[in-house]
Amino acid sequence: MPSRVLITDAAAAVIDQLRAVHGPLMFHQSGGCCDGSQPMCYAAGEFRLGRSDVKLGEIHGCPFYMERSQFECWQHTQLTIDVKPGRGSSFSLEIPLGLRFLVDSRVFTPEETAGLPPVEPVEA
């Protein structure tokens with residue numbers, strides 16, 4: 001069964017750094033305001049999820065969420081979370097490290113699409 005969201009080794013290493021300082025973490029795919037569509041990393045519970053959010057899966061032990069209407073646009077796309085040098089202008093936890101998480105994507109094949117698990121609704 002294909003995963004909706006993956007992570008690179010470099011991004012996993014940054015998560016390990018952040019988890020050592022902040023404890024359990026969570027991700028939310030930004031909807032395109034200040035930083036465009038950037039994956040945002042928060043201490044678990046620091047970003048308020050709503051009933052309009054869905055859980056796509058987990059990356060390196062962190063739940064990964066997206067707003068439902070944005071997911072409708074991305075539902076046929078596998079996301080890979082990576083990290084690059086550079087400073088975003090967000091509240092994401094990696095920013096003080098001089099890094100920013102970003103998303104690479106690819107469209108699922110028809111066979112992969114048929115095997116995708118459903119997303120999980122958020123109970124708020």
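Guide: Welcome! Two rings of Phe, Tyr or Trp (for Trp, its six-membered ring) count as a pair if their centres lie within 6.5 Å. The model here is a predicted one.

Visitor: Is the pair of Phe-27 and Phe-64 stacked or edge-to-face?
Guide: Planes under 30 degrees apart count as stacked, and those over 60 as edge-to-face. The ring centres of Phe-27 and Phe-64 are 6.1 Å apart and their planes stand at 20 degrees, so this pair is stacked.

Visitor: What angle lies between the planes of Phe-27 and Phe-101?
Guide: These two rings form an edge-to-face pair, 5.1 Å from centre to centre. Their pair links distant parts of the chain, with Phe-27 in strand E2 and Phe-101 in strand E7, 74 residues apart. The angle between the planes is 75 degrees.

Visitor: Which residues form one aromatic cluster?
Guide: Phe-27 is buried, and so is Phe-101. Phe-64 also counts as buried because its relative accessibility is 0%. The cluster is made of Phe-27, Phe-64 and Phe-101.

Visitor: Which element gives the largest share of the largest nonpolar core?
Guide: This core has 24 residues, and those with the most contacts inside it include Phe-27, Phe-64, Leu-79 and Phe-101. Among the elements that give two or more residues to it are strand E2 (25-29), strand E5 (62-67) and helix H2 (68-74). The largest share is 4 residues, and it comes from H1.

Visitor: What is the order of the strands in the open sheet of 3 strands?
Guide: Strand E1 (5-7) and strand E7 (99-107) each have a single partner strand, so they stand at the edges. E1 is joined by 3 bridges to strand E6 (residues 77-85), and these two run parallel. Pairing in the sheet is mixed, and the order is E1-E6-E7.

Visitor: At about what angle does helix H1 run to E6?
Guide: Within the sheet, the twist from one strand to the next averages 30 degrees. Helix H1 (residues 9-22) lies across E1, E6 and E7, and its angle to E6 is about 65 degrees.

Visitor: Is His-60 buried, partly exposed or exposed?
Guide: His-60 is found in the loop between E4 and E5. Its phi is near 50 degrees, a positive value in a residue other than glycine. Its relative accessibility is 33%, which means that His-60 counts as partly exposed.

Visitor: In which element is confidence highest in the protein chain?
Guide: The protein chain averages a pLDDT of 92, and 94% of the residues score at least 70. Confidence is lowest in H2, at a mean of 91, while the highest, at 98, is in H1.

Notes: Residues are numbered from 1 along each chain as its sequence is written. This is a predicted model: local features need pLDDT of at least 70, side-chain atom pairs count only at pLDDT 80 or more; totals for chains, interfaces and linings use all residues. Side-chain values use heavy atoms; hydrogens and water are left out. Two strands pair if DSSP finds at least two bridges between them. Axes are lines fitted to C-alpha atoms, for helices over the stretch in contact, and angles run from 0 to 180 degrees between N-to-C directions. Contact means heavy atoms within 4.5 Å. A nonpolar core is a set of buried Ala, Val, Leu, Ile, Met, Phe, Trp, Tyr and Cys residues joined through side-chain atoms within 4.5 Å. Buried means under 20% relative accessible area, exposed over 50%, partly exposed in between (1.4 Å probe, protein chains only). pLDDT is the predictor's confidence in each residue, from 0 to 100.
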